[in-house]
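Here are my notes after a pass through the model.

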Amino acid sequence: MRKIGVFLVFLFLGFFVIPAWASTVEGVISKSSYTEEEKAYLQDRVTAITQEIEAQNLPVAFLFSKFKEGVGKRINPYILVQTLEKRKDALLEAKKILDEASIEGKVRERTLTDLALSIELSVPAPLLQEIVQRVKNTSPQDLPKVVASISTFLEVGVDPAKVGSVTEKIVARNLQSEEITKVAALLERSRRNGVDVAQVATVLEEALNKYDNFNLVEMEVRQFIASSRQKPSLSSGQGVTSGSPGISGTTPIQEGGTPLESSSSGHPPSQESGGPLE
């Protein structure tokens with residue numbers, strides 16, 4: 001009889017225990033300025049997506065950073081859900097790549113979200129799978145640094161196709177962690193100086209092909225950045241002016257993921273999982 005009583009207590013508690021993320025979702029949505037219909041839609045869809053992520057033992061926080069950002073900017077809820085679906089799919093694909101390469105432990109923890117971010121930002125999954133496998137076979141301890149460098153390249157504006165090409169060269173050359181860090185720093189330096197990052201990536205790739213000595217690679221890229229910097233101009237009777245650094249025609253990455261669309265209230269598409277909304 002006592003056992004039955006204990007069982008009923010646990011059953012009662014289990015029924016009413018609510019995951020921490022569930023109260024977070026409800027709290028964020030309740031404080032938003034969406035309509036009641038939109039709040040109900042978000043509550044239902046975000047809960048379903050989060051449950052799927054949690055069931056796969058994947059980091060819910062990676063999803064929530066995008067969710068909170070979208071709600072804070074009052075992004076159209078139907079566009080926001082599509083964005084969260086894309087992030088969820090990227091996480092699942094990253095998990096699959098790491099599972100197939102048998103990457104476990106701290107290396108896996110440090111690699112998963114950066115790998116998912118690269119997939120979310122359109123680096124081809126087969127290419128990432130090849131890179132992960134090759135790094136695992138040569139210098140597995142450098143895998144988090146290699147994958148993190150891919151995210152850095154994307155964030156400074158390198159085209160996903162070029163990112164894959166440059167990363168392949170880095171892996172083929174078996175660059176050390178310090179050298180990978182320098183590569184990412186060179187691209188960030190070019191962005192800060194208003195130099196076309198795509199051109200710098202091309203010069204970097206060519207230099208990696210040309211030289212065995214990484215110091216020569218670094219020197220050539222630095223020289224290109226220095227020669228390509230926007231020169232200050234003097235006008236009669238005016239001080240020195242210079243162009244603003246940045247990447248022409250690109251959109252900065254927000255909170256480690258794809259840029260969210262501008263906000264506006266709307267109506268659900270005929271198919272929630274359909275193509276991007278206008």
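Which residue just after helix 8 takes a positive phi? G157 does, at about 110 degrees.

1. Ground rules. This is a predicted model, where local features need pLDDT of at least 70 and side-chain atom pairs count only at pLDDT 80 or more, while totals for chains, interfaces and linings use all residues. Residues are numbered from 1 along each chain as its sequence is written, and side-chain values use heavy atoms, with hydrogens and water left out.

2. Overall make-up. The protein has 12 helices and two strands (DSSP runs numbered from the N terminus: H or I of at least four residues for helices, E of at least two for strands). Along the sequence the pattern reads α-α-α-α-α-α-α-α-α-α-α-α-β-β. Of its 278 residues, 40% count as buried (under 20% relative accessible area, with exposed over 50% and partly exposed in between, using a 1.4 Å probe and protein chains only). Take the contacts (heavy atoms within 4.5 Å) between residues at least 6 apart in sequence: 72% of them join residues at least 24 apart.

3. Helix 8. Its 13 residues reach 19 Å from first C-alpha to last, close to the 18 Å expected at 1.5 Å a residue (the expected span is 1.5 Å times one less than the number of residues). The buried residues here are L143, P144, V146, V147, S149, I150, S151, F153 and L154. They pack against helix 6 (105-120), helix 7 (125-138), helix 9 and helix 10.

4. S151. This serine lies in helix 8 (residues 143-155), and at 3% relative accessibility S151 counts as buried. Leaving aside neighbours within four places in sequence, S151 is in contact with D114, L117 and S118.

5. Helix 10. The 16 residues of helix 10 should span 22 Å at 1.5 Å a residue, and the end C-alpha atoms are 23 Å apart, which agrees. I180, V183, A184, L186, L187 and S190 are buried in helix 10. Seen down the axis, these buried residues fall within an arc of 150 degrees, so they line one face of helix 10 (the arc is that of the directions from the helix axis to the C-beta atoms). As a reminder, an α-helix has 3.6 residues a turn, so residues three or four places apart point the same way. The buried residues of helix 10 pack against helix 8, helix 9 (160-173), helix 11 (197-210) and helix 12. Just after helix 10, G194 takes a positive phi of about 75 degrees.

6. Helix 10 with helix 12. What angle do the axes of helix 10 (residues 177-192) and helix 12 (residues 214-228) make where they cross? Roughly 5 degrees, with the axes coming within 10 Å (axes are lines fitted to C-alpha atoms over the stretch in contact, and angles run from 0 to 180 degrees between N-to-C directions). Helix 10 and helix 12 are therefore roughly parallel (angles under 35 degrees; over 145 is roughly antiparallel, 65 to 115 roughly perpendicular, the rest oblique). E179, K182, V183, L186, R189 and S190 in helix 10 meet F214, E218, V221, R222 and I225 in helix 12. The residues of this contact divide into five nonpolar, one polar and five charged (Ala, Val, Leu, Ile, Met, Phe, Trp, Tyr, Cys and Pro count as nonpolar, Asp, Glu, Lys and Arg as charged, and the others, Gly among them, as polar).

7. L92. L92 lies in helix 5 (residues 77-100) and is partly exposed, with a relative accessible area of 24%. Leaving aside neighbours within four places in sequence, L92 is in contact with E52, Q56 and L58.
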